[in-house]
Structures are given as structure tokens and as C-alpha cells.
Amino acid sequence: MKLWKVLLLWTWSFTTGQEETASCVPLQTCLLPCRLDKGKADLIEWTHTKMFGTVHVLRDGKDELKNQNKAFRGRSALFPEEALKGNLSLQLSQVTLSDEGTYLCRSISYSPEFILNEKRVHLRLEGDEKDFSRFLQ
Ligand SMILES: *[C@@H]1O[C@H](CO)[C@@H](O)[C@H](O)[C@H]1NC(C)=O
């Protein structure tokens, strides 16, 4: 793996406005959009920048949830068929205040060369503080 290439892509993802925002309704199912270059991805990985583990991982088109943060257990889905078309969107059900924040959507190919693509997606809940308070137990 060439480190300069990784750094270059990393910098690129911060400078080209590769960011999306998902507005989600509390307790509903929400789609976090992520479109990255079409092409073979060996690994698709979603993480939350402030939470340990992963949100959801697809390795060779199959779910890999061994490192999934418990907070997302049974609430996340990726779509292998869509992923082949470059649609790496994450579906999250029962969204709550603690899901808010910044997510990273990554696609990685290992061969014939290492390619990493990354996008930041911000999740925020619709409504105001007053509406949220009843979900904070
Ligand atoms: C991406 O896939 C999801 C899940 O199947 C779907 O709901 C969404 O409409 C797709 N987005 C695009 C841009 O095709």
C-alpha cells in the first residue's frame, strides 16, 4: 500500500466537499446516502466518528458484524446489489439522538491496487430540543 496515495485521497475527501447530510425523523428508518465510484469494492465500511467499532461492514458482499458497535445491533443494513452500482447507502432503523453525528462511508479495494474512497455523512434529527426530550430516557 502506498501511503502517499492514502493521504492524498484522505485530503481529497476533505477538500472536495464530499459531504452529505441526512435529516432523520426520530424512531423512523433513515437512509444515510453514500455514492462512491462504481467498481469492485472488497470492503465497504461504515463507522461513526465518535463511537467504537463499526456501524456496518460488507466484505465481499456479505455482512461482517463481528466488530459492530452494540448500539447498532439489528438496526443497520447495507445493500450488496446496490453497492455493485456504487450506491453504498446505509439504512438505519429506530434512529435516536445518540445516532446523531458524523459517519464515514468507506470503500476499499485491495487488488490489483489499493484504492480507498471515503465520504462523510452527517446525521441529524429533525425537530427541536423539545421534541427530542421525550426520547431521552
Ligand atoms: C440506494 O439503495 C437504497 C437501498 O436499496 C435505496 O433505498 C436508494 O433509493 C438507493 N439510492 C439510489 C440513489 O439509487
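So, strands E6 and E7: E7 covers residues 90-92, and the two pair antiparallel over two bridges. If you want a spot to look at, alanine 77 sits opposite glutamine 91 of E7.

Before I go on, a word about the model. It's a predicted one, where local features need pLDDT of at least 70 and side-chain atom pairs count only at pLDDT 80 or more, while totals for chains, interfaces and linings use all residues. Residue numbers start from 1 along each chain, as its sequence is written.

Okay, what order do the strands take in that open sheet? There are three of them, in the order E2-E7-E6, with antiparallel pairing. E2 (30-32) and E6 (76-77) are the edge strands, each pairing on one side only.

Now over to E3, residues 43-48. E3 runs antiparallel to E4, residues 56-59, and four bridges join them. Tryptophan 46 is the one opposite histidine 56 in E4. E3 also pairs with E8, residues 101-109, again in the antiparallel sense, this time over six bridges. There, threonine 47 has leucine 104 of E8 as its bridge partner.

On to the inside. The largest nonpolar core has 22 residues, and Leu32, Leu90, Tyr103, Cys105 and Val121 have the most contacts inside it. A core here is a set of buried Ala, Val, Leu, Ile, Met, Phe, Trp, Tyr and Cys residues joined through C-beta atoms within 7 Å. Buried means 20 or more other C-beta atoms within 10 Å of the residue's own, exposed means 12 or fewer, and partly exposed is in between, with C-beta atoms placed from the backbone. Which strand gives the largest share of this core? That's E9, with three residues.

Leaving out residues up to four places away in sequence, tyrosine 103 touches Leu32, Trp46, Thr47, His48, Val55, Val121 and Leu123. Touching means that the C-beta atoms, placed from the backbone, lie within 7 Å.

What's around the ligand? Leu31, Phe79, Glu82, Asn87 and Ser89 surround it, where near means a C-beta atom, placed from the backbone, within 6 Å. By class, that shell has two nonpolar, two polar and one charged residues. For the classes, Ala, Val, Leu, Ile, Met, Phe, Trp, Tyr, Cys and Pro are nonpolar, Asp, Glu, Lys and Arg are charged, and the others, Gly among them, are polar.

Most residues other than glycine have a negative phi, and most peptide bonds are trans. Leucine 27, in the loop between E1 and E2, has a positive phi of about 70° although it isn't a glycine. Is leucine 27 buried or exposed? Exposed, because it has 12 C-beta neighbours inside 10 Å. Glutamine 94 is in the loop between E7 and E8, and its phi is positive too, near 55°. Glutamine 94 also has 12 C-beta neighbours inside 10 Å, so it counts as exposed.

Then there's proline 112, in the loop between E8 and E9. The peptide bond from serine 111 to proline 112 is cis, with omega near 5°.

Key. Pairing = 2+ DSSP bridges. Contact = placed C-beta atoms within 7 Å.
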